[in-house]
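I wanted to know how the inside of this protein is put together. I started with the nonpolar cores and then went on to the strand pairing.

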Amino acid sequence: MKEKILTWLSHNFLLKLLSVVMAFGLWLAVTNISNPEIKVNYKVPIEVRNENYLRTLNKKYELDTKFVNVSFNVRTMQRNQVKPADFTVFINLSDYSVTGAVPVYIEVSNNASSITKNVTTDPMILHISAEEIVSKTFNVKAEINGVPAEGFYTGGLSFNNNTVTVTGPASKISLIQEAYFDVNIDGATENVSGVSEIRFHDLSGKRITDLSEISYEKNVSFVMEIFKSKALTVRAVANGSPAAGYMLDGIEVSPTFISVYGPDTALMNNTYVLIPRSEIDISGLTESRTMFIDLKQFLPEGLKATSESTEVTVLIKIRNIADIQAAANNDRSPVVIIQPQPTVPPTTVAPTESTTTNENVDPSNPEGESSEGESEGESSEEETEGVTEESSEEESSEEETEPEGEGETEESTEASNS
C-alpha cells in the first residue's frame, strides 16, 4: 500500500505540485474578493487619568477636544464584531508640561485586538489649557425692594453671612465685582425674614449667570426689622439768668413735635424730646435770641427720626423788667413777674388783678408789703432765684397778699398788723 502511494506521488509530481499551488491561490483570491480588509473610523471619548496631579498644582484644566478618531483595519465580515467600546482612549495629566501638550494613548480589548490591524488615533497629541484656581472674598450687600406700609419704617437688617468666598478659575473670578441678595419689604407691617440667593455682578453692573465652575455658599438668611412711628413733643429748658433788670419771658420751639420710629417699648416709654439746659444758656442776655438745634443727638435711646431733617428753631424771649413795670403803671394795675421753673419749659404768667409773689419766695416772710401811711409809689424789692417786684397802690392803708406756690396756700395778712 505504501509503495502504491509513493508511486502515485512520484508519478507526475511537478504537475501535482502545481495543482496544489494554483488551488491555494484560487482560495486566497476568492477570500480577498468576498471578505476584503477595510479601514474603519470610530469617534471615541477621551478619558482623563491622574487628575489629582493638576489639583496639587492648584490648577484647573480644559481640553481642546473631548473626542478623538480611532482608525483600524478589519475584514469586512468581522467589522460588526468590533465596537467603539473595544477602544479606550486616554491621556495622563502627569504628562503635563508648560507647553500643555500631552500624548494620547489607546487600549484595544482582547476581542478586537485579534481581528484589527494598524490601530491609530487622530490627533495623537492633545493640548491642555491649565489655569490657576483662586479664591476671593466679597462683602455681601442687601438690595431692598419695595417700601413698608404707610406709617411703618425699616429698622436694622441682620443676616448670617456678611461675606461670601468664591473659588474657581482666575479668569472667571476676576469678572466678579459685587455680591448682592434681595430683601422684599413691600407693604410690610412687621419684621420680614427669609432666605435669599446670592447673585454676582460684573464691573458694568450686569449680572453674571455662568457660575458652573465657581463654588460658594449660595444662600443668605436675613431678618429685616419693621417699626411703627410716633410723634414726640419737643421741650426745652434754659440755663442761667438774664442780665440784671431783664427776665426770661418764654422759650418757643418750632416745630413743636418730631416724628420718630423704633421698637414698641421705646415708643411707649417716651412722649417727648428734651433739649437740655446745657444747649440753651441765657446768662447775661439783654435781648431775645434765636437758635438752631439738631434734635438727633437728643432723641431717646432706640428711636430714630423719620425725616433726615431734625433741626428745630428755638426762640428765647428776653424782656426788660422796667418796660414791663412802666406798662403796668400806665395801666395802674399791679404786675406779677414769675420766673420759669428750671425743670420744665418756661411759661409766662400775665398780670392779674390780685397781686402775687414769685413761687420761689418764702410765703412766711413776704417782704415788700405796703404799710399804712406809706407814700404813693413806694415799693420794696427782694431777690430770690427769680426776680420779684411788687407795685403798691397809691396811699393804700391795708393790703392783703396771697403767695402762690406748688400746692401751697397762706392766709392773707393785713399789712398794718405786720
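My entries on the cores and the strands follow.

I am working from a predicted model, where local features need pLDDT of at least 70, side-chain atom pairs count only at pLDDT 80 or more, and totals for chains, interfaces and linings use all residues. Residues are numbered from 1 along each chain as its sequence is written, and side-chain values use heavy atoms, with hydrogens and water left out.

Entry 1, cores. I looked for nonpolar cores, meaning sets of buried Ala, Val, Leu, Ile, Met, Phe, Trp, Tyr and Cys residues joined through side-chain atoms within 4.5 Å; buried is under 20% relative accessible area with a 1.4 Å probe, protein chains only. The largest has 26 residues, and I258, I275 and I316 are among those with the most contacts inside it. Strand 14 (219–236), strand 16 (257–262) and helix 6 (264–269) are among the elements that each supply at least two of its residues. Strand 20 gives the largest share, 4 residues. I noted a second, separate core of 22 residues, including I46 and V82.

I listed its contacts (heavy atoms within 4.5 Å). Leaving out residues up to four places away in sequence, I258 touches K230, L232, V273 and L295, among others.

Helices (H or I, at least four residues) and strands (E, at least two) are DSSP runs, numbered from the N terminus, and I took strands as paired if DSSP finds at least two bridges between them. Strand 14 runs antiparallel to strand 9 (152–159), with 6 bridges, and S158 stands opposite V223. Strand 16 is also antiparallel to strand 14, over 6 bridges; there K230 is partnered by V260.

How values were computed
Buried means under 20% relative accessible area, exposed over 50%, partly exposed in between (1.4 Å probe, protein chains only).
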